[in-house]
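Dear colleague,

Please find the structure below for your files.

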Amino acid sequence: MARAHSHFVCQSCGAVYPKWAGRCEACGGWNSLVEEAVSQSAPKGLGAGKAKKLAFAGLEGGGAAAPRRLTGIAEFDRVCGGGLVPGTALLVGGDPGIGKSTLLLQIVAALASGKNGRPLACLYVSGEESLDQVRLRAARLAVAGSPVMLATATSVRDIAASLDGKDAPQIVVIDSIQTLYVDSIEAAPGTVSQVRASAQELIRLAKERGFTLFLVGHVTKEGMIAGPRVLEHMVDTVLYFEGDRGHQFRILRAVKNRFGPTDEIGVFEMTDRGLAEVANPSALFLAERQSPVSGTAVFAGMEGTRPVLVEIEALVAPSLLGTPRRAVVGWDGNRLAMILAVLEARCGVAIGARDVYLNVAGGLRIAEPAADLAVAAALLSALSQEPVPDKTVVFGEIGLSGEVRPVGQAEARLREAAKLGFANAFTPPRKGGDAGLRLAEIRHLRQLAARFLDRTAAAAALGPAGRRQAR
Ligand code: TYD
Ligand code: MG
């Protein structure tokens with residue numbers, strides 16, 4: 001067979017080009033195209049093979065669904081929708097060093113020792129670390145006694161051959177997919193074609209033999225190692241393990257799940273003996289909170305089905321630059337721009353010309369619009385140097401006209417706040433219970449602004465429009 005020619009594949013999105021280019025047209029990434037050999041023969045078209053007629057099936061029928069496999073690590077079981085489904089593939093993505101290997105070793109150790117039900121045969125394949133390194137970690141995690149089968153391998157052919165037979169594993173962990181290679185493809189391990197081919201083969205085996213497959217994937221910013229993005233379509237569940245390496249909190253988030261909800265998070269804490277579950281994240285996120293200081297507000301948020309209280313910090317400072325700085329950590333920068341504009345245009349609060357810094361404490365990332373009102377409260381408090389009243393939680397969505405809109409699950413948010421000792425809440429107009437808190441219903445952002453910027457402070461902080469309204 002003549003040697004196949006090569007093409008160029010973007011290592012971050014998988015787009016294919018006949019010629020090299022500095023920038024990928026599809027994803028906009030720079031320097032991400034790498035030459036790869038075109039795999040074996042060209043497709044033959046429909047003329048060649050013999051077709052087999054499909055046997056159609058109905059929606060009903062089939063055997064009872066196999067029971068889900070629970071790890072007993074509650075934070076993990078909830079994120080994957082109530083346990084692992086046999087014959088499915090999960091991708092666990094995350095930055096290097098965030099704790100993926102640690103988490104998966106703890107999971108297989110729990111499953112293998114039958115911490116929660118029947119012990120399962122678990123195989124942990126490491127392509128990155130030596131057996132001794134994995135054993136050292138197991139000792140550190142105090143799971144060395146668990147009957148996990150351990151192997152170091154990078155050849156998919158060898159791994160596939162070991163997944164057969166009567167002692168075939170029910171749980172297989174591949175750490176990481178970027179180290180594997182299929183020997184029929186001429187490309188280095190970690191390139192898109194290798195990653196895709198390796199994953200395809202293993203996922204096919206998982207479906208055929210009914211084991212649950214975990215694939216670990218690194219995400220790199222440079223795009224030199226294939227990000228697991230091309231894999232997201234192939235697997236059933238995508239979990240991202242995220243967190244700030246400066247903080248010990250780690251958040252496991254489902255971004256795709258064919259067998260469960262996608263907005264659940266699991267919260268862990270990295271300790272010197274591995275990852276510990278955090279059953280009450282609110283208490284953790286608020287642990288460092290001091291008695292009321294200006295520029296902070298506690299947001300009563302929801303992560304999936306669970307209420308999570310988290311502190312939002314803001315700093316407003318005079319700007320020395322023509323274009324004031326906006327720095328946001330843990331929230332959406334566009335959303336911040338919108339709230340600043342609403343404060344300026346609808347409430348007459350002159351904040352636009354100042355530098356604004358916003359931070360969500362604890363390394364959590366918030367995506368809910370319900371955080372708008374809490375962000376506004378933190379900003380107003382920073383601007384006026386007036387603390388948000390003690391023991392107060394805030395939530396509500398802000399519209400472009402400045403009106404405050406109701407948000408979902410208000411009751412659950414208030415109950416969580418009450419449980420943690422909060423006594424007051426700034427909420428959107430609402431019907432229903434107050435969970436024992438004293439509620440201040442905010443209909444328009446102007447009402448919130450008025451609580452912070454009284455008439456004397458108004459002279460300094462309010463623009464001309466605000467001064468008119470304050471009068
Ligand atoms: P690791 O699971 O190797 O990360 P990944 O597989 O995502 O690259 O975790 C590495 C980090 O976790 C490392 O910086 C050390 C830290 N760590 C602890 O703090 N405590 C522990 O018990 C373990 C095993 C690791
Ligand atoms: Mg690792």
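In what order do the strands of the open sheet of seven strands run? The order is β15-β16-β14-β13-β17-β20-β21, and the pairing is mixed. Please note that this is a predicted model, in which local features need pLDDT of at least 70 and side-chain atom pairs count only at pLDDT 80 or more, while totals for chains, interfaces and linings use all residues; side-chain values use heavy atoms, with hydrogens and water left out. Residues are numbered from 1 along each chain as its sequence is written, and chains are lettered from A and ligands numbered from 1 in the order in which they are written.

Strands (E, at least two residues) and helices (H or I, at least four) are DSSP runs numbered from the N terminus, and two strands pair if DSSP finds at least two bridges between them.

Strand β13 (residues 296-303) pairs with strand β17 (residues 392-394) in the parallel sense over two bridges. Phenylalanine 299 has valine 394 in β17 as its bridge partner.

**The sheet of nine strands**

A further open sheet, of nine strands, has mixed pairing and the order β6-β5-β7-β8-β4-β9-β10-β11-β12. Its edge strands, β6 (149-152) and β12 (274-277), each pair on one side only. Here β9 (residues 237-242) and β10 (residues 249-257) pair in the antiparallel sense over six bridges, and valine 238 has lysine 256 in β10 as its bridge partner.

Helix α2 (residues 100-112) packs on this sheet, touching strands that include β4 (89-94), β5 (122-126) and β7 (171-175); contact means heavy atoms within 4.5 Å. The direction of helix α2 makes about 160° with that of β5. Helix α5 (residues 192-209) lies across β4, β7 and β8, running at about 160° to β8.

**Aromatic pairs**

Rings of Phe, Tyr and Trp (its six-membered ring) pair if their centres lie within 6.5 Å, with planes under 30 degrees apart counted as stacked, over 60 as edge-to-face and the rest as tilted. The count by this rule is two aromatic pairs. One of them joins phenylalanine 76 and phenylalanine 214, tilted, at 6.2 Å centre to centre and 45° between the planes. Phenylalanine 76 belongs to helix α1 (residues 74-79) and phenylalanine 214 to strand β8, so the pair ties together parts 138 residues apart in sequence.

**Cavities**

On a 1 Å grid over the protein atoms alone, a cavity is a set of points where a 1.4 Å probe fits but cannot get out, and lining residues have an atom within 4 Å of a point. Grid points are joined across faces, edges and corners, and a volume is the space filled by probe spheres set on the points.

There are two cavities of 30 Å³ or more. The largest has a volume of about 60 Å³, and its lining includes Arg68, Cys80, Thr237 and Phe259. The second largest cavity holds about 40 Å³. Among its lining residues are Phe299, Met302, Val308 and Glu368. The largest share of that lining, four residues, comes from β13.

With kind regards

Note on methods:
Axes are lines fitted to C-alpha atoms, for helices over the stretch in contact, and angles run from 0 to 180 degrees between N-to-C directions. On a 1 Å grid over the protein atoms alone, a cavity is a set of points where a 1.4 Å probe fits but cannot get out, and a pocket is an open set with protein on both sides within 12 Å along at least five of seven lines; lining residues have an atom within 4 Å of a point.
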